[in-house]
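Reader: Got a model to go through with me. Can we start with the charged pairs?

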Amino acid sequence: MSQEHLLEQVHRLKAELEEVESRLKQNDIPVPVLEDFKSAIDHIRLTLWGILQSSGAERYEAAATIIRFRIRRADDICTQIVADIDSLEITVDSPELKSLHDTLSGTLNRINHLYKTGR
């Protein structure tokens, strides 16, 4: 991706976010949708902060910060999914559930391996 194309994308995204902000103020948006949107924006913000703050050896520290945030975000999302299951918003018939199950099973296997081996 060229620098010019990336700059164009950033300007478009900024304009779209400003439009979303304006529309959010005018509409009654469900709290879970707002929380998910906030998490996505927080992730982008933290990534940008890490890039802006890092140079050379600091890049490792920035990457570690981003990884810690990603883990916290995954934890928050899983907590929200549990609440959705408990409130019957997610059922066995939810189309994305099988893929999520497979991904979480693989992730849990890797986490268990990490705890057992330390790497």
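Reader: Is Glu21 buried or exposed, or in between?
Author: Glu21 has a relative accessible area of 44%, so Glu21 is partly exposed. Buried means under 20% relative accessible area, exposed over 50%, and partly exposed in between (1.4 Å probe, protein chains only). This is a predicted model, where local features need pLDDT of at least 70, side-chain atom pairs count only at pLDDT 80 or more, and totals for chains, interfaces and linings use all residues. Residues are numbered from 1 along each chain as its sequence is written, and side-chain values use heavy atoms, with hydrogens and water left out.

Reader: Which side chain meets Glu21 in a salt bridge?
Author: Lys25, at 3.8 Å, N to O. A salt bridge here is a side-chain nitrogen of Lys or Arg within 4 Å of a carboxyl oxygen of Asp or Glu. Lys25 is exposed, because its relative accessibility is 68%.

Reader: How far apart are Lys25 and Glu21 in helix 1?
Author: Four residues, so about one helical turn separates them. Helices are DSSP runs (H or I, at least four residues), numbered from the N terminus.

Reader: And what about Asp102 and Lys98?
Author: Their side chains form a salt bridge at 2.8 Å, N to O. Both lie in helix 4, four residues apart, which means about one helical turn. Asp102 is partly exposed at 39% relative accessibility, whereas Lys98 is exposed at 56%.

Reader: Which residues are joined into one network?
Author: Lys38, Asp42 and Arg45, through salt bridges that share partners.

Reader: Changing topic: what follows helix 4?
Author: Gly118, with a positive phi near 80°.

Conventions
Helix = DSSP H or I, 4+ residues; strand = E, 2+ residues; numbered from the N terminus.
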